[in-house]
Amino acid sequence: GSHLLESGWIAVPTLLLAIIFVGGYNVYRSMTHAPAGALEIRVIGKQWLWQFIYDNGKTSVNELYVPVNRPIKLIMTSEDVIHSFFVPDFRIKQDVVPGMYTSIWFEAKLPGKHQIFCAEYCGTSHSGMLGQVVVLGAAQWQAWNRGEEKSMAGEAPEAGEAEPVGLAAQGAKAFAVKGCVTCHSVDGSQKVGPSLKGIFGREVELGDGTTVTVDENYVRESIEKPQAKVVKGFQPVMPTFQGLMTEAELSGLIAYLKSLQ
């Protein structure tokens, strides 16, 4: 019958839970939000390998090359079934889901190699879906970025070997080849569709009055399901490109949109 005791019984656990929540949320946020300036690398999971795409246009399979002492943000998707990108040494694990993008980040403090596993059963060769994170020192990273990985390994580069085209440049080509330029400008002028200049990372208002942030998943949805979220002031006339673009082309197109600032 003591109201004071009952009030205390409610207030004290509520306060403790609030403290635990705030602490847990701060840890969760730091785990899921990469620091500003993090190096972005695209990851495509497929049965049964990992493909990595870098901003300079280079690609690698089952070997993820990263510099030491720099935050790395992985933007990941799958071509077939659900996979799970797991690096025990860095305590990171994130599902890789077809039709959408997920992300995770880490920062390696020492050069060396670290094992990658798929932690989601994805078919008969699931246990063989292995890879490595190869952490390079500053000088090695610069050499690798310049395409000198063969000389780093003691191999002679092949004569006439072409330099890779940057990922954003690949996206610009896809933007033209797929006909996006017909309806969308990149200089701020209006066409049938909204201009894409400086749009990435901004909030846009939709026809139903709601707003959405233009991120990787919104761009992908607008390409594959263009009628789902139409920007205010524009008609739902864009055709779907679902199945008409590869994961690599989508990654390049998103990198291109990010460069249109």
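In this short talk I will go through the aromatic pairs and the salt bridges of the structure shown above.

Please keep in mind that this is a predicted model, in which local features need pLDDT of at least 70 and side-chain atom pairs count only at pLDDT 80 or more, while totals for chains, interfaces and linings use all residues. Residues are numbered from 1 along each chain as its sequence is written, and side-chain values use heavy atoms, with hydrogens and water left out.

Let me start with the rings. The structure holds nine aromatic pairs, where rings of Phe, Tyr and Trp (its six-membered ring) pair if their centres lie within 6.5 Å, and where planes under 30 degrees apart count as stacked, over 60 as edge-to-face and the rest as tilted. One of these pairs is F52 with F85, which is edge-to-face, at 6.4 Å centre to centre and with 80° between the planes. F52 belongs to strand β2 (residues 49-53) and F85 to strand β6 (residues 83-87), 33 residues apart; strands here are DSSP runs of E with at least two residues, helices are runs of H or I with at least four, and both are numbered from the N terminus. Both F52 and F85 are buried, meaning under 20% relative accessible area, whereas exposed means over 50% and partly exposed is in between, with a 1.4 Å probe and protein chains only.

A tilted pair is formed by F86 and F117, at 6.5 Å centre to centre and 40° between the planes. Since F86 lies in strand β6 and F117 in strand β9 (residues 112-118), this pair ties together parts that are 31 residues apart in sequence. F86 is partly exposed at 26% relative accessible area, and F117 is also partly exposed, at 34%.

Now to the charges. What did a search of the whole structure find in the way of salt bridges? The search finds eleven of them, each defined as a side-chain nitrogen of Lys or Arg within 4 Å of a carboxyl oxygen of Asp or Glu. E40 and K258 meet in one of these, at 2.4 Å from N to O, and because E40 lies in strand β1 (residues 39-46) and K258 in helix α7 (residues 247-259), the pair ties together parts that are 218 residues apart in sequence. E40 and K258 are both buried.

D55 and R42 form another salt bridge, at 2.7 Å from N to O; D55 is partly exposed at 40%, while R42 is buried at 4%. Finally, E40, R42, D55, E216 and K258 are linked in a network of salt bridges.
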